[in-house]
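Hi everyone, thanks for coming. Please bring up the sequence and the model on your screens, and we'll walk through some helices and loops together.

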Amino acid sequence: MRDEVRSSPSDPLGYYAILDIGPLADASEIRLAYRQMAKRLHPDVNLSENAEQEFIELTEAYQVLKDYRSRARYDATAHPLGPAATIDPHDPRPVPVHCSRCGKVTAQPRYIIFHRVKSVLFASRRSTVAGIFCRDCADRTAIRASTVTWLQGWWGILGPWRTIKALLTNLSGGEMPRIDNQWVLLHQARAFLRLGDPNLARALAEQAQSFAKNDEERRRIADIIRAASKVSDPAARHLKNRWRRWHYASVMQALPLAGLLLAIMLSGVALLLRSQTDSVTAMITIQPAQAGEMRHVAVDVLKVRQGPTNTEPVVALLDRFATVQVMDSSADGEWARILTPNGVTGYVPARYLFGGEGEISKNRWCREQKGGPLHTGDILLRRTGGEHRLSVQNSTGMDVVVRLKTQNSRTLLSFFMAGGSEAIIDGIPDGTFRAVFATGRDYSRACGVFLGGMQTFIVPTAQVFQARSRSQQDLELTLPPVGGGPGQSRALPLESFLDN
């Protein structure tokens with residue numbers, strides 16, 4: 001079998017040829033080729049006199065090529081020269097060249113060099129993937145080389161420049177050395193002419209004309225065209241050139257580059273708008289807080305102090321959107337004396353108070369920050385954890401948000417349950433708990449409330465449960481339907497649901 005396979009400087013022992021693939025085939029292509037050849041050459045189905053020897057040679061080739069270390073040693077013994085250095089233009093019995101990746105004879109071969117860039121720390125290394133390709137394998141090789149470069153090429157000092165240069169080269173179809181491609185096409189034309197396909201031979205010679213630069217090269221091409229024309233069929237369909245500039249591979253390689261350019265443009269526009277906004281903001285004068293104004297808190301937690309300095313004791317804490325009344329301001333306007341909703345008087349930095357009552361701003365903010373849709377078992381709030389498990393069944397017929405509260409009404413856990421659903425909630429801490437729940441429309445994760453039609457209820461006292469620390473417990477909770485009958489859930493004031 002080995003005597004019959006094609007020899008090549010890049011395949012000195014013919015291992016790639018035995019598997020009917022090219023020297024650039026990847027590991028998956030090698031495995032697939034071996035499976036296909038093994039089915040065909042196994043002595044149980046191969047009727048050849050040399051069936052056993054052919055299968056041994058196939059196995060030997062696969063054992064070398066499947067392991068990247070032994071394959072690297074084998075490839076190191078090859079001499080990957082360009083076609084111009086290996087093709088004999090006077091060969092009396094030219095054999096068609098094969099694709100370097102798939103190993104198949106290609107009617108329209110091209111010798112192409114693709115570029116890769118890999119960076120490690122501050123160093124970037126350039127390499128090439130060169131071979132004779134059919135169009136499909138050239139596209140796949142270009143995409144792979146560009147993908148490696150996109151992912152690994154940017155990080156060195158010279159990485160960005162080398163990466164962009166390599167990507168643009170691959171995007172344009174790679175490098176096609178003129179002399180090498182001319183010799184490949186003329187060799188393939190002579191091979192097909194010898195095999196009795198003059199129409200294909202003539203078409204290949206005509207494609208070689210685009211690589212000719214002097215009279216001697218044009219004369220060599222004309223001789224093959226003339227020899228093919230004597231026996232070709234004038235009515236035969238013309239061979240369509242598959243090597244047009246833009247192809248699906250070019251589009252796939254161009255998409256990330258176009259995305260990068262778009263991101264740069266959008267960043268420039270954002271910076272421009274930011275600078276314009278900053279210039280407009282610089283002209284805005286912040287008005288000091290005036291006595292009698294109603295304002296609201298614009299930070300998550302605002303400390304109310306006994307005096308107008310940060311060293312004074314804290315007398316109260318206010319949540320975001322809490323509405324306060326301004327009593328007066330310090331002389332420099334930095335501090336405002338306020339009256340809190342609970343009747344406490346103190347000082348806060350005026351810059352943390354926005355104009356107007358907080359309810360409108362809170363509703364808008366809650367709607368903007370409501371988050372994605374809820375699913376049964378989603379944990380919305382957890383203040384502490386434990387090792388107990390709680391089995392929950394929602395029999396209310398409504399989608400609800402459940403809160404587990406301690407005896408002093410502090411919420412330790414909150415989760416969502418769809419109507420009619422069941423769920424297992426892990427991480428229940430030790431303690432005694434009772435359940436309350438709320439229903440409504442458009443739940444806001446940020447604010448912990450339903451934005452429309454919110455109603456709150458409490459589960460009957462009979463379902464108060466205890467989680468003891470002595471061992472892990474499996475607890476149960478059923479959310480009964482709402483009503484006034486025994487064992488049903490009762491209405492609960494909203495303030496009791498949101499008390500903490």
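**A walk through the model**

Let's begin with Phe321, which counts as buried at 13% relative accessibility. For that term, buried means under 20% relative accessible area, exposed means over 50%, and partly exposed is in between, with a 1.4 Å probe and protein chains only. Phe321 is found in the loop between strand 5 (314–319) and strand 6. Its phi is positive, about 75 degrees, although Phe321 is not a glycine.

Before we go on, a word on where this comes from. This is a predicted model, in which local features need pLDDT of at least 70 and side-chain atom pairs count only at pLDDT 80 or more, while totals for chains, interfaces and linings use all residues. Residues are numbered from 1 along each chain as its sequence is written, and side-chain values use heavy atoms, with hydrogens and water left out.

When I say helix or strand, I mean a DSSP run, numbered from the N terminus: H or I with at least four residues for helices, E with at least two for strands.

Ser409 is found in the loop between strand 12 (400–405) and strand 13 (411–417). Its phi is near 70 degrees, a positive value in a residue other than glycine. Is Ser409 buried or partly exposed? Ser409 is partly exposed, with a relative accessible area of 32%.

Next, the helix pairs. Helix 8 (residues 178–194) and helix 9 have axes that come within 8 Å and cross at roughly 165 degrees. The axes are lines fitted to C-alpha atoms, for helices over the stretch in contact, and the angles run from 0 to 180 degrees between N-to-C directions. Helix 8 and helix 9 are therefore roughly antiparallel to each other. Here are the cut-offs: under 35 degrees counts as roughly parallel, over 145 as roughly antiparallel, 65 to 115 as roughly perpendicular, and the rest as oblique.

The crossing of helix 8 and helix 9 is left-handed. A crossing gets that name if the near helix is turned anticlockwise from the far one by less than a right angle, and is right-handed if clockwise. Who meets whom? On the helix 8 side we find, among others, Leu185, Leu186 and Phe192, and on the helix 9 side the residues include Leu200, Ala201 and Leu204. Contact here means heavy atoms within 4.5 Å. The residues of this contact divide into eleven nonpolar, three polar and no charged. In that count, Ala, Val, Leu, Ile, Met, Phe, Trp, Tyr, Cys and Pro are nonpolar, Asp, Glu, Lys and Arg are charged, and the others, Gly among them, are polar.

Helix 9 (residues 198–208) also crosses helix 10 (residues 215–229), at roughly 160 degrees, with axes that come within 9 Å. Helix 9 and helix 10 are therefore roughly antiparallel to each other, and their crossing is left-handed. Among the residues making the contact are Arg202 and Glu206 of helix 9, and Ile221 and Ile224 of helix 10. By class, the contact of helix 9 with helix 10 has eight nonpolar, one polar and two charged residues.

Let's look at one more pair. Helix 6 (residues 135–152) and helix 7 (residues 159–171) pack at an angle of about 165 degrees, with their axes 10 Å apart. That makes helix 6 roughly antiparallel to helix 7. Helix 6 passes helix 7 in a left-handed crossing. Ala142, Ala145, Ser146, Thr149 and Trp150 in helix 6 meet Thr163, Ala166, Leu167 and Asn170 in helix 7. These residues split into five nonpolar, four polar and no charged.

Now over to helix 12. Which residues of helix 12 (residues 358–368) are buried? They include Gly358, Ser361 and Cys366. Those three cover an arc of only 130 degrees around the axis, which puts them on the same side of helix 12. That arc is the one of the directions from the helix axis to the C-beta atoms. Strand 3 (294–297), strand 6 (323–329), strand 15 (431–444) and strand 16 (449–458) are included in what covers the buried residues. On the face turned away from the buried side, helix 12 carries the exposed residues Ile360 and Glu368.

One last stop, at Pro486. Pro486 lies in the loop between strand 18 (474–479) and strand 19 (490–491), and at 85% relative accessibility it counts as exposed. From Pro486 to Ile360 is 126 residues in sequence and 40 Å in space, C-alpha to C-alpha.
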